[in-house]
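Open the model in your viewer and keep the selection tool at hand. The tour moves from one selection to the next.

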Amino acid sequence: MPDSVLVERTDYGALITVNRPEALNALDRATLQQLGEAIRAQSADPEVRVLALTGAGERAFIAGADIAEMAPLSRAEMGEILTLGQGAAQALEDAPQPTIAMVNGYALGGGCELALACDLIIAGPRARFGQPEVTLGLVPGFGGTVRLPRRVGWGRARELILTGRQVDAEEALRVGLCERLARDDLRAETEALARRLAGMDSEALRLVKVALGGRDGEEILARERRLFLEAFERPERRAAMKRFLRR
Ligand code: CO8
């Protein structure tokens, strides 16, 4: 079986690719584990001046947590996966170097939340963002309730999380869900930005990141986790996931 997370060393640092294109790069437990390890290993390496994250194939960045794997889990098992997902997002946020999400397609649920944990989000023309958890009887679980409002403001975050609707690349740029839209060549534009950042004073960038903060949402993250697990136990959640899997 091919690795579900690929790490490529580049001239600016490292590119991590979630590699399950047949499932739109949905995150199962093994992938989440590997992803967290890859983020921690690359971000700890001083030669990695910029860390970028993307998804394999043409269609998806990351279409969220793997619903097929998640559907039958117990609360305790789900708790372990939440720990992995929140940990991966936190590792991105804590990285000392700039991090870039290169969003090439669907960034839904946990996928959107991992993008939100990056310093910069660059969307390609096919990017689609969303927090569809409510349509599965859930609340966001990888930090969306903290990080989406930070980017787009309370009102827009509430609207997106309450409706679960998807946002295309143009709207994402307009509402501040991404910082840039690469209309021509997503990879080339990401690389150009990454190289520019890689040429800057890395210690100054690190200090700027500390100054901007990020760890101030821990209480909200703990609340999100508790409410996610509460929602997860409801029969309506089970029924909603079954409906998705039987489509
Ligand atoms: N999980 C598992 N499989 C998926 C997922 C997913 N999230 N998304 C897509 N796939 C699979 C499909 O089942 C399909 O597989 P197959 O070919 O074997 O039937 C394949 O990827 C291609 O997808 P579609 O055929 O559905 O492609 P469409 O173009 O028709 O639709 C969509 C694309 C709109 C992206 C659709 O696939 C979709 O709605 N996917 C689910 C998106 C979603 O709801 N994501 C959120 C999941 S919940 C979550 O992320 C919560 C995170 C926080 C806590 C989680 C802890 C683990």
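**Second largest pocket**

Start with helix H2 (67-70), H3, strand E6 (106-108), helix H4 (110-116) and helix H11 (235-246): each gives at least two residues to the lining of the second largest pocket. Helices here are DSSP runs of H or I with at least four residues, strands are runs of E with at least two, and both are numbered from the N terminus. The model is predicted: local features need pLDDT of at least 70, side-chain atom pairs pLDDT 80 or more, while totals for chains, interfaces and linings use all residues. Residues count from 1 along each chain as its sequence is written, and side-chain values use heavy atoms, without hydrogens or water.

This pocket holds about 550 Å³ of space. Select Ala-63, Gly-64, Ala-65, Ile-67 and Phe-244: of the 33 lining residues, these are the closest to the centre of the second largest pocket. A pocket is an open set of points on a 1 Å grid over the protein atoms alone, where a 1.4 Å probe fits, with protein on both sides within 12 Å along at least five of seven lines; lining residues have an atom within 4 Å of a point. By class, the lining has 22 nonpolar, six polar and five charged residues.

**The ligand**

Show the ligand next. Of the 28 residues around the ligand (a heavy atom within 4 Å), Arg-59, Ala-65, Ile-67, Met-78 and Gly-110 come nearest. Now check the backbone. A polar backbone atom of Ala-63 is 3.0 Å from a ligand nitrogen. For Ile-67, a polar backbone atom is 2.9 Å from a nitrogen atom of the ligand. A backbone N or O atom of Ala-65 lies 2.8 Å from a ligand oxygen. Alone, the ligand exposes 1,100 Å², and the protein buries 72% of that (Shrake-Rupley, 1.4 Å probe).

**Largest pocket**

Move to the largest pocket, with about 650 Å³ of space. Select Glu-93, Asp-119, Lys-209, Leu-212 and Gly-213, the closest to its centre of 25 lining residues. Helix H3 (75-94), helix H5 (144-152) and helix H9 (202-212) each give two or more residues to this lining. H9 has the largest share, six residues.

**The sheet**

Finish on an open sheet of four strands, ordered E4-E6-E8-E9, with mixed pairing (strands pair if DSSP finds at least two bridges between them). Strand E4 (60-62) and strand E9 (167-168) are at the edges with a single partner strand each, so one side of each has no neighbour in the sheet. Strand E8 (residues 128-130) pairs with E9 in the antiparallel sense, over two bridges. Select Arg-128: opposite stands Asp-168 in E9.

Definitions and conventions
Grid points are joined across faces, edges and corners, and a volume is the space filled by probe spheres set on the points. Ala, Val, Leu, Ile, Met, Phe, Trp, Tyr, Cys and Pro count as nonpolar, Asp, Glu, Lys and Arg as charged, and the others, Gly among them, as polar. A polar contact is a pair of N or O atoms within 3.5 Å; within protein, one must be able to donate a hydrogen and the other to accept it, and residues adjacent in sequence count only if both atoms are side-chain atoms.
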